[in-house]
Amino acid sequence: MRVRRNALAYAGFLQIKCPVLFHLFLHVLQLWVWLSSPAKIYLLVAMNRDVTDEAGSKEMDTSTYMSPSHDHNPENLPYVHKVGVPRRQNLLKQFTASVKETFYPGNPFRPFKGQSRLGKVVLALQAVFPVVSWGKDYNLARFKGDLIAGLTIASLCIPQDIGYAKLANLPPQNGLYTSFVPPLVYAFMGSSRDIAIGPVAVVSLLLGSLLQNEIDPVKDALEYRRLAFTATFFAGITQFTLGFFRLGFLIDFLSHAAIVGFMGGAAITIALQQLKGLLGISNFTRKTDIVSVMRSVWGTIHHGWNWQTMAIGISFLAFLLLAKYIGKKNKKLFWVPAIAPMVCVILSTFLVYITHADKHGVQIVRHIKKGINPPSFKKIYFTGKYFGKGFRIGVLSGMIGLTEAIAIGRTFAAVKDYHLDGNKEMVALGIMNVVGSMTSCYVATGSFSRSAVNFMAGCNTAMSNIVMSCVVFLTLEFMTSLFKYTPNAILASIIISAVVGLIDVEAVSLLWKIDKFDFVACMGAFFGVVFVSVEIGLLIAVSISFAKILLQVTRPRTALLGNLPGTAVYRNILQYPEALKVPGILIVRVDSAIYFSNSNYIKERILRWLTDEEEQLKKKGLPAIQYLVVEMSPVTDIDTSGIHALEELYRSLQKRNVQLLLANPGPVVVNKLHASKIATLIGENKIFLSVADAVRYVPNTEEP
């Protein structure tokens with residue numbers, strides 16, 4: 001090692017002070033290595049690399065300017081790895097691999113390899129019906145946890161279902177129907193262990209507001225229900241189609257920020273809608289925007305409010321919020337907010353019954369139809385003027401329900417550390433809603449509040465949904481008459497307490513800290529829902545999400561790179577102020593694939609970087625830029641427009657007497673550079689493995 005250090009020191013001194021003697025020294029060393037043992041070859045290679053690095057470091061530290069030389073001797077350069085050109089793949093294989101990666105990234109057919117015919121049948125059944133997988137190992141210990149969880153969420157869902165049905169302008173029994181059949185279907189086909197299925201507030205509001213724009217739910221209740229079943233059918237078809245054709249990635253286009261804003265706005269709108277029941281107002285606006293609702297509320301303050309209703313609603317709302325607070329503070333008391341709605345229903349119903357408050361203006365449920373779900377297949381519109389409207393409403397409500405269910409399922413799957421196949425979930429939810437539309441149900445999905453209770457109650461499998469469904473069945477068959485005197489104010493209180501959790505202030509604050517554009521998207525969706533309508537808020541949420549994607553695609557980031565002193569690493573000079581610009585060389589990194597949508601912008605942005613840098617150098621009296629290095633590590637792909645933009649960039653640089661160097665293009669980019677002959681135009685010797693190699697290519701003609 002001492003010999004190597006001495007040799008390195010001497011070689012470094014010669015290279016800097018006397019290059020001719022340095023090369024003579026290297027030739028002598030090569031002859032010595034050739035005559036000596038092969039092990040000493042390592043010394044020569046290491047010396048050549050270290051000497052170059054030391055010399056380069058010294059040049060950087062002393063700010064020695066580099067000037068181009070078109071007649072430099074390649075022997076003066078260190079060994080540089082060539083950029084590898086991957087073998088051309090068969091077009092069919094390449095297309096097949098691309099489709100497989102897009103639609104089947106998890107390779108779902110891998111378990112079928114090497115299996116017998118019977119084994120493949122069993123795996124297929126497990127793929128379609130996950131109940132086959134967990135059912136074979138099911139035991140009494142697991143059932144105990146599922147039984148407790150199922151009974152707990154049943155006590156929560158029954159009063160919620162009645163309230164959510166009113167939110168959708170449907171009879172209360174339709175809400176109970178939706179917590180009977182769909183959970184049974186999902187239990188057999190769903191892959192989540194924690195999701196509790198049923199109607200939810202946001203989808204109920206969306207469905208109700210869209211349906212009442214087409215048909216009056218009071219004057220034409222039968223046609224209104226038919227349109228609701230039609231929308232539910234097409235919501236299921238939409239969900240099934242997305243899952244079956246592996247198109248689940250489409251729901252990711254609705255950004256998290258937009259969902260936060262939409263959910264918060266929907267929560268405010270739902271709470272405002274419940275003022276009708278909470279205050280005992282008979283004549284209430286059908287509009288959902290905050291201005292119309294508040295005008296309707298304050299316009300009836302002198303003759304429309306009922307103080308008995310207000311006393312019942314506000315007192316029990318305070319009790320529900322207190323129960324929610326207790327459950328949040330102490331996780332072991334999760335059952336308190338879970339059973340609180342049922343306790344409120346029982347107490348308020350008994351109170352109204354013994355005081356005859358219904359005769360003093362307190363509005364009550366009055367009648368819930370007894371019996372399980374009647375068939376409704378013949379009520380679905382497959383033709384006529386309502387067919388298209390039902391399809392449109394179904395697609396919107398299906399997408400929102402799908403987004404909510406997948407988000408909930410992934411959240412709890414991450415906590416319990418198991419895999420949740422989003423496409424399987426979509427198929428299960430789709431079939432569930434198609435079956436539901438034929439059995440008098442409206443759109444069902446995963447409920448966050450019920451799923452959270454289900455999780456904390458210790459559920460182990462989807463059996464908890466079956467238990468909940470059985471309790472709802474018993475309620476429909478034997479206990480509907482008990483809800484006759486349940487005041488509407490209690491249902492309003494239950495809904496308000498449930499949707500409070502949809503307003504996520506912490507998430508909004510985090511959006512502001514992390515990404516201001518995400519915050520704008522969130523607020524746009526929020527104010528759209530609150531001040532206009534649910535569908536406009538949803539449209540704003542989707543539009544802003546797409547606008548962000550387009551902005552990021554069409555205006556990708558570029559960065560100027562500099563060398564970190566003492567290393568061969570080049571980084572963004574904004575992130576690392578200590579990074580030094582290399583004299584005579586401009587190093588630019590493109591942080592995106594280069595497509596038709598951004599190729600012209602990237603070319604112009606690079607030329608602007610070059611113009612700005614040349615103006616600064618001219619003011620300081622420093623040598624002009626003679627080499628432009630484009631760092632292409634983040635460039636994952638390039639299309640024909642990108643190739644043309646690269647060619648135009650090369651032509652523009654030629655007119656400025658600036659040479660173009662490329663650093664570390666990926667395999668896809670390299671293939672296209674060679675196929676388009678751009679590599680030949682630029683020069684294959686000007687495409688490098690790294691920025692450091694490209695910088696080393698630039699010769700130093702200044703003699704000390």
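Leaving aside neighbours within four places in sequence, Arg-193 is in contact (heavy atoms within 4.5 Å) with Tyr-418, Asn-454, Cys-459, Asn-460, Thr-461 and Ala-462. This is a predicted model, in which local features need pLDDT of at least 70 and side-chain atom pairs count only at pLDDT 80 or more, while totals for chains, interfaces and linings use all residues. Residues are numbered from 1 along each chain as its sequence is written, and side-chain values use heavy atoms, with hydrogens and water left out.

Arg-193 belongs to the loop between α9 (181-189) and β1 (196-198); helices (H or I, at least four residues) and strands (E, at least two) are DSSP runs, numbered from the N terminus. One of the contacts of Arg-193 is Asn-454; the two residues are 261 residues apart in sequence and 9.4 Å apart in space, C-alpha to C-alpha. Because its relative accessibility is 35%, Arg-193 counts as partly exposed, that is, between buried (under 20% relative accessible area) and exposed (over 50%), with a 1.4 Å probe and protein chains only.

Helix α14 (residues 290-298) has the buried residues Ser-292, Val-293, Ser-296 and Val-297. They lie on the same side of α14 because they cover an arc of only 135 degrees around the axis, taken from the directions from the helix axis to the C-beta atoms. Among the elements covering these buried residues are α12 (256-273) and α13 (275-279). Exposed residues Arg-295 and Trp-298 are on the face turned away from the buried side of α14.

The chain averages a pLDDT (the predictor's confidence in each residue, from 0 to 100) of 84. Where pLDDT is low, the predicted coordinates should not be read in detail.
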